[in-house]
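Have the model at hand and follow along pocket by pocket.

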Amino acid sequence: MTDSAALLELRDLCVEFDSNDGVVHAASGVGFRVGRGEIVALVGESGCGKSATSLAIMGLLPKPYGRVSGGEIRFQGRSLTRLSETELRSLRGNQMGMVFQDPMTSLNPYLTVEEQLVEVGTLHLKLSRREAKERAIQLLDYVGIADASRRIRSYPHEFSGGMRQRVMIVMALLCDPQLLIADEPTTALDVTIQAQILALLQQLRKDRGLSILLITHDLGIVAGVCDRVIVMYAGRILETGPTADLFKAPAHPYTRALLNSVPRVDAPAGERLHSIEGLPPRLDRGPFTGCSFAPRCQHVREACHQGEPELVQFDGQRSRRCIVPREEIA
């Protein structure tokens with residue numbers, strides 16, 4: 001992907017948080033691109049740095065405890081790490097939208113959906129309340145909420161989990177952004193609603209040319225949705241590549257372990273589910289002297305503990321951070 005085709009680009013991004021136990025290195029040297037009209041998945045276990053990376057992109061790291069300590073974030077060729085809070089606020093909503101993990105806690109339970117959506121339209125688009133309400137109703141109808149002109153007057157607790165997630169998507173889309181960051185948009189939803197939300201994201205890309213960064217811990221939901229996959233672990237990228245290629249032949253033991261952990265409908269009755277033994281490393285204990293995944297890896301060897309592998313490109317569009325021969329993993 002050329003620089004001109006990249007809507008979002010991260011270069012060696014480092015994100016840190018201060019804690020009682022020391023500095024937490026939530027993201028270390030993270031670099032990737034999201035092209036125009038592309039859906040990219042950022043996957044990994046909880047605590048690997050996915051959400052911290054997304055908050056850094058949006059300029060929403062909690063201050064003064066969280067900060068971008070290195071690297072650069074570029075959006076449409078413009079460096080976001082050098083912008084003031086006022087300049088970032090003008091980009092959020094207008095050009096970049098975000099759907100957060102839990103729609104119940106992201107929506108204000110004391111305000112109707114109408115009040116919350118109209119506020120976005122009046123603040124960011126300078127619409128009148130009537131115009132903002134009309135736009136909100138149109139989008140609610142677009143995302144599949146029936147009788148939107150009546151339901152907009154409801155409170156969040158009167159919606160199901162899937163409908164609340166749709167409201168959050170509408171809130172992110174009100175200003176017609178070019179990039180949507182969806183952080184675990186299907187968490188706590190049943191499989192039928194998950195499929196509907198993912199289909200909606202695909203429809204948004206088709207109808208609006210929207211670029212989407214889909215953050216999830218579940219590789220199983222990205223197979224038919226995303227163009228590329230970025231696998232994170234312990235704050236670092238371990239593997240990247242086109243979705244079909246990565247699923248067909250994973251090039252990192254962690255990616256293979258994540259794929260093996262996805263339940264299969266064709267598995268023999270009574271077969272035990274696969275899991276990844278052990279726990280991810282504590283990110284306040286870095287930097288690591290070797291591969292961060294080595295303590296949990298089935299292919300570990302002595303050299304894995306000697307130094308951290310580099311992220312090496314192969315086969316044109318793929319890269320991985322591992323010294324184990326690829327044929328042993330796939």
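A pocket here is an open set of grid points where a 1.4 Å probe fits, with protein on both sides within 12 Å along at least five of seven lines. The model you are looking at is predicted.

**The largest pocket**

- To find its centre, look for G31, F32, R228, T240 and S319, the closest to that point of the 24 residues in the lining.
- Strands β1 (6-19), β2 (22-35), β9 (228-233), β10 (236-242), β11 (312-314) and β12 (318-320) are the elements that give two or more residues to the lining of this pocket.
- Among these elements, β2 gives the most, with five residues.
- In the lining of the largest pocket, eight residues are nonpolar, eight are polar and eight are charged.

**The second largest pocket**

- Here 21 residues form the lining, and those closest to the centre are M98, F100, V120, H124 and M171.
- At least two lining residues come from each of β6 (96-99), α4 (113-124) and α7 (161-173).
- Helix α4 supplies the largest share of this lining, five residues.
- By class, the lining of the second largest pocket has twelve nonpolar residues, six polar and three charged.

**A question to take back to the model**

- Which element gives the most residues to the lining of the largest pocket? That is β2, with five.

Definitions and conventions:
Residues are numbered from 1 along each chain as its sequence is written. This is a predicted model: local features need pLDDT of at least 70, side-chain atom pairs count only at pLDDT 80 or more; totals for chains, interfaces and linings use all residues. Side-chain values use heavy atoms; hydrogens and water are left out. On a 1 Å grid over the protein atoms alone, a cavity is a set of points where a 1.4 Å probe fits but cannot get out, and a pocket is an open set with protein on both sides within 12 Å along at least five of seven lines; lining residues have an atom within 4 Å of a point. Helices (H or I, at least four residues) and strands (E, at least two) are DSSP runs, numbered from the N terminus. Ala, Val, Leu, Ile, Met, Phe, Trp, Tyr, Cys and Pro count as nonpolar, Asp, Glu, Lys and Arg as charged, and the others, Gly among them, as polar.
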